[in-house]
Amino acid sequence: AMSRHSHQSRDFRGVDYQRVPTANGRHDDGAESEASEDLGAAEGEDIDLPEDVYGATIFSIVHDSVELMSGKDHDALALWINRMRVVFVVTSLLFNYTLQLSLVVWSYLGVVVPAVNNAQEIYKEYHQSCFEVDGTFNPAFCQDWDQDRRAALCSMVISRPTFLYLMLCLWWMTMLNEFRKTDRVMRKFQAMGSTRSWERQIETDEEGVQRVKKLVWKVRWFLYVVLILPKHVISVGLLVIGTWWLVATDSFENLILNALALGFVVEIDELIFEAMFPATMGESLSSVKLWRRRSSDPKERQVVQWHAYRRSAIYWAVILLGVFAYLAYLQSFPWLGVLPGYANDLHCNGYQVQEAHSVCDNWAIWNGAACFPYGDAGVDRLPPHPEIYGGG
């Protein structure tokens with residue numbers, strides 16, 4: 001996850017800063033100068049950097065690039081500290097990708113593929129053992145089928161499509177959340193102005209708060225290629241493999257455990273940040289804000305609100321209808337379905353009712369029954385005390 005908490009934002013009126021000369025000693029001019037002045041005076045809001053590996057990467061690439069490329073000291077740290085921080089952060093980011101991608105691949109090869117094969121073998125045996133040649137279900141045939149295999153069939157989560165549908169909706173929401181966090185960061189990068197000066201990427205106000213308002217094109221594309229693109233690839237991979245894994249799960253209790261395991265893979269970036277990064281990185285993240293312009297025009301803000309809710313409504317439709325379409329219509333597609341040609345023909349109601357039957361049912365204990373009698377009294381329900389039914 002790119003952040004453990006929601007973005008906190010606050011409005012401020014930008015401060016006019018003295019124009020900073022570029023590396024060649026000249027001021028930016030023309031359209032860029034006008035854009036910079038507009039950014040300086042425009043109303044906007046601060047966006048906190050996420051406290052994870054991705055937020056640390058944004059901070060280090062932007063902040064340390066100003067120090068390293070401008071050749072001037074702005075943070076009272078030696079340049080070798082800035083270099084070390086860039087190397088440490090980028091190495092941690094690559095290790096995070098290695099862990100997540102490795103877990104995705106190994107989960108697919110070592111868990112998902114065997115689970116899918118096992119589900120298909122059981123379903124194949126079910127059709128061969130419980131159906132006529134013309135596809136008619138024959139209960140008598142099914143009685144002769146191995147009961148352990150029938151139990152395995154009826155324990156598969158696909159035998160309860162409503163429960164599976166709800167779990168898949170939660171999993172798709174989880175990955176949609178990751179996708180939207182990454183997409184929001186990308187749109188913030190896109191909304192920032194451009195500059196040719198490394199020093200003009202960050203502006204500092206009288207309170208010492210640093211705001212990233214513009215990006216050098218090299219920094220912008222580095223963040224796109226190294227941060228945004230791999231994050232989207234991992235999110236899509238986890239969505240697909242996680243969906244296969246959950247649908248092919250062989251029992252309902254394992255479905256919960258598998259969902260928790262998938263959530264662990266999503267949170268690796270936060271774990272690395274909390275376990276491996278120094279506390280000073282958290283302090284540094286709190287002092288740097290991503291800045292974006294926000295209009296004070298009520299009509300324009302109304303349009304922004306409309307677009308936001310429309311986008312959220314589309315996401316709701318994607319989750320609710322997408323999961324339904326996957327379970328109902330896409331099982332026969334190569335690389336998508338777990339049970340190609342699944343006909344929703346599992347006859348497991350009797351088995352599931354039997355499994356749900358408890359020893360102490362129908363308020364038996366309130367009727368004076370001993371649900372767990374000692375010895376073999378030859379009756380199903382006994383009074384709770386031997387002196388009641390004993391002979392003496």
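Let me start with contact, which here means heavy atoms within 4.5 Å. With that, take Ser-70: leaving aside its neighbours within four places in sequence, Ser-70 is in contact with Ser-65 and Glu-199.

Before going on, where this comes from. The model is predicted, so local features need pLDDT of at least 70 and side-chain atom pairs count only at pLDDT 80 or more, while totals for chains, interfaces and linings use all residues. Residues are numbered from 1 along each chain as its sequence is written, and side-chain values use heavy atoms, with hydrogens and water left out.

Now the overall picture. The chain has 13 helices and seven strands; these are DSSP runs numbered from the N terminus, with helices being H or I of at least four residues and strands E of at least two. Of its 392 residues, 43% count as buried. Buried means under 20% relative accessible area, exposed means over 50%, and partly exposed is in between, using a 1.4 Å probe and protein chains only. Among contacts between residues at least 6 apart in sequence, 73% join residues at least 24 apart.

Back to Ser-70, which is found in helix H2. Is Ser-70 buried or exposed? At 19% relative accessibility, Ser-70 counts as buried. Its side chain reaches the backbone oxygen of Val-66 at 2.4 Å. That is a polar contact: a pair of N or O atoms within 3.5 Å where, within protein, one must be able to donate a hydrogen and the other to accept it, and residues adjacent in sequence count only if both atoms are side-chain atoms.

Ser-92, in helix H3 (residues 79–130), is another serine to look at. Ser-92 is buried, with a relative accessible area of 11%, and its side chain reaches the backbone oxygen of Phe-88 at 2.8 Å.

Next, helix pairs. Two packed helices are described by the angle between their axes and the distance between the axes. Axes are lines fitted to C-alpha atoms, for helices over the stretch in contact, and angles run from 0 to 180 degrees between N-to-C directions. Angles under 35 degrees count as roughly parallel, over 145 as roughly antiparallel, 65 to 115 as roughly perpendicular and the rest as oblique.

H2 (residues 53–70) and H9 (residues 268–276) have axes that come within 8 Å and cross at roughly 65°. H2 and H9 are therefore roughly perpendicular to each other. Val-53, Tyr-54 and Ala-56 of H2 make the contact with Asp-269, Ile-272 and Phe-273 of H9.

For H6 (residues 161–191) and H7 (residues 217–247), the axes come within 10 Å and cross at roughly 175°. That makes H6 roughly antiparallel to H7.

How does H6 pack against H11, and at what angle? H6 and H11 (residues 298–329) pack at about 140°, with axes 9 Å apart, so the two helices are oblique to each other. Residues of H6 including Tyr-165 and Trp-172 meet residues of H11, among them Trp-316 and Phe-324.

Phe-324 is partly exposed, with a relative accessible area of 45%. Leaving aside neighbours within four places in sequence, Phe-324 is in contact with Tyr-165 and Tyr-329. Phe-324 and Thr-162 are 162 residues apart in sequence but 9.8 Å apart in space, C-alpha to C-alpha.
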